Amino acid sequence: MTERTLTIVLAGTPYGGERGAHALRLAAAELERGHRVNLFATADGTYVALSGQAAKGLPDLGGELEGLIERGLRVELCGSCVRFRGLSADRIVAGARPSSLKGLGAMLREADVVLSM
């Protein structure tokens, strides 16, 4: 199988619907198939990388994200969006990093498939 690159752009809030959970499950499935996967979180999508969230009765998306990063998921967060929301570096899961639209552009250029959620 040829390795391909999927880039997911996540703008929806992680717990305001199912976009965050679906994005992470899709990333997991594609990593399992041996593909490269990038996730660029923007706007309220940056909250998916907030560590220590404990939404009662809902999946631990921050924990899932950390596990996916360990398996090779590349995660970049819109730096302006992170600052605007007051998300300090110590509150972001390990391996996710603030980036920029320049970083998003690089992810889009290397992608074979782009999905916006």
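**Why these labels?**

Student: Why is threonine 46 called buried?
Tutor: The relative accessibility of threonine 46 is 0%, so it counts as buried. Buried means under 20% relative accessible area, exposed over 50%, and partly exposed in between (1.4 Å probe, protein chains only). The model is predicted: local features need pLDDT of at least 70, side-chain atom pairs count only at pLDDT 80 or more, and totals for chains, interfaces and linings use all residues. Residues are numbered from 1 along each chain as its sequence is written, and side-chain values use heavy atoms, leaving out hydrogens and water.

Student: Where is threonine 46, and which residues does it touch?
Tutor: Threonine 46 lies in the loop between strand E2 (36-41) and helix H2 (61-70). Helices (H or I, at least four residues) and strands (E, at least two) are DSSP runs, numbered from the N terminus. Contact means heavy atoms within 4.5 Å. Not counting residues up to four places away in sequence, threonine 46 touches Ala41, Leu77, Cys78, Cys81, Val82, Arg85 and Leu87.

Student: What makes serine 80 partly exposed?
Tutor: Serine 80 has 47% relative accessibility, so it counts as partly exposed. Serine 80 is in helix H3 (residues 79-84).

Student: What makes a set of residues a nonpolar core?
Tutor: The members are buried Ala, Val, Leu, Ile, Met, Phe, Trp, Tyr and Cys residues, joined through side-chain atoms within 4.5 Å. The largest such core has 27 residues; Ile8, Leu39, Leu65, Leu73, Val75, Leu77 and Ala96 touch the most other members. Strand E1 (5-10), helix H1 (19-32), E2, H2 and strand E3 (74-78) each give two or more residues to this core. H1 supplies the largest share, five residues. A second, separate core of six residues includes Val9, Cys78, Cys81 and Leu104.

Student: How do you know how H1 and H2 are oriented?
Tutor: Their axes come within 11 Å and cross at roughly 20°. That makes H1 roughly parallel to H2. Axes are lines fitted to C-alpha atoms, for helices over the stretch in contact, and angles run from 0 to 180 degrees between N-to-C directions. Angles under 35 degrees count as roughly parallel, over 145 as roughly antiparallel, 65 to 115 as roughly perpendicular and the rest as oblique.

Student: Which residues meet between H1 and H2?
Tutor: Gly20, Ala21, Leu24, Arg25, Ala27, Ala28 and Leu31 in H1 meet Leu61, Glu64, Leu65 and Leu68 in H2. The contact divides into eight nonpolar, one polar and two charged residues. Here Ala, Val, Leu, Ile, Met, Phe, Trp, Tyr, Cys and Pro count as nonpolar, Asp, Glu, Lys and Arg as charged, and the others, Gly among them, as polar.
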